[in-house]
Amino acid sequence: MTRYLHTMYRITDPERSRAFYEALGLKLRRESPIVRNGELEATNYFFGVPGQDEELELTFNHDGRTYELGTAYGHVALGVDDLDRTLERLGAQGIEPEKAPYRVREGGSRLCFVRDPDGYRIELIERRPDRA
């Protein structure tokens, strides 16, 4: 049996990334330093949605390198109970949606896209408890 475990991508500012993902409702589960030859090389930060096993692994390399987002990256999607409230929490950090929330089809869920502190696109899909 195959089981999905996590997605990983690299970050450049752990504190800003943590604030962003916590505003989305993810919880920091653990930090895992990577030490090679006695030197701290990287730190992995594992976030998860309460009640779900799958994780988002954010890796911070301590050598100061920067990254370019590849053109093949699309987005990560997260379901939120209240899109407006989530956008308020992100707005307090200066993070605004790419465009106002919208529906892909009549009667469909409201959604929008935001970018995390490193520019990764995150799709937010409103999933009201009565519509799971």
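**View 1. Tyr21 and its ring partner Phe20 in the predicted model.** Tyr21 is buried in this predicted model, with a relative accessibility of 1%. The ring centres of Phe20 and Tyr21 lie 4.8 Å apart with their planes at 80°, so the pair is classed as edge-to-face.

**View 2. The largest nonpolar core.** This core comprises 23 residues, and Tyr21, Leu24, Ile122 and Leu124 have the most contacts inside it. Two or more residues are contributed by each of strand E1 (6-11), helix H1 (14-23), strand E3 (39-48), strand E4 (55-61), E5, H2, E7 and E8. Beyond its neighbours within four places in sequence, Leu24 is in contact with Leu78, Thr86, Arg89, Leu90, Ile122 and Leu124.

View 3. Four strands, in the order E5-E8-E7-E6, make up an open sheet of mixed pairing.

View 4. Strand E6 runs antiparallel to strand E7 (residues 110-115), and 2 bridges join them. Within this pairing, Tyr102 stands opposite Leu111 of E7. Lys99 lies over the face of Tyr102, at 4.5 Å from the ring centre.

View 5. The model contains 5 aromatic pairs. One of them joins Tyr9 and Tyr120 in a tilted arrangement, 3.9 Å centre to centre and with 35° between the planes. Tyr9 belongs to strand E1 and Tyr120 to the loop between E7 and E8, so this pair ties together parts that are 111 residues apart in sequence. Both residues fall under the 20% limit for burial: Tyr9 counts as buried because its relative accessibility is 6%, and Tyr120 because its value is 9%. Ring pairs link Tyr9, Tyr73 and Tyr120 into a cluster.

**View 6. Arg121 over the ring of Phe113.** The charged end of Arg121 is placed over the ring of Phe113, at 4.0 Å from the centre of that ring.

Key:
Residues numbered from 1 in each chain as written. Predicted model: local features only at pLDDT ≥ 70, side-chain atom pairs only at ≥ 80, totals over all residues. Heavy atoms only, no water. Pairing = 2+ DSSP bridges. Core = buried A, V, L, I, M, F, W, Y, C linked by side-chain atoms within 4.5 Å. Buried < 20%, exposed > 50% of the residue type's maximum accessible area, 1.4 Å probe, protein only. Contact = heavy atoms within 4.5 Å. Phe/Tyr/Trp six-rings, centres within 6.5 Å; stacked < 30°, edge-to-face > 60°. Lys NZ or Arg CZ within 6 Å of the ring centre and 35° of its normal.
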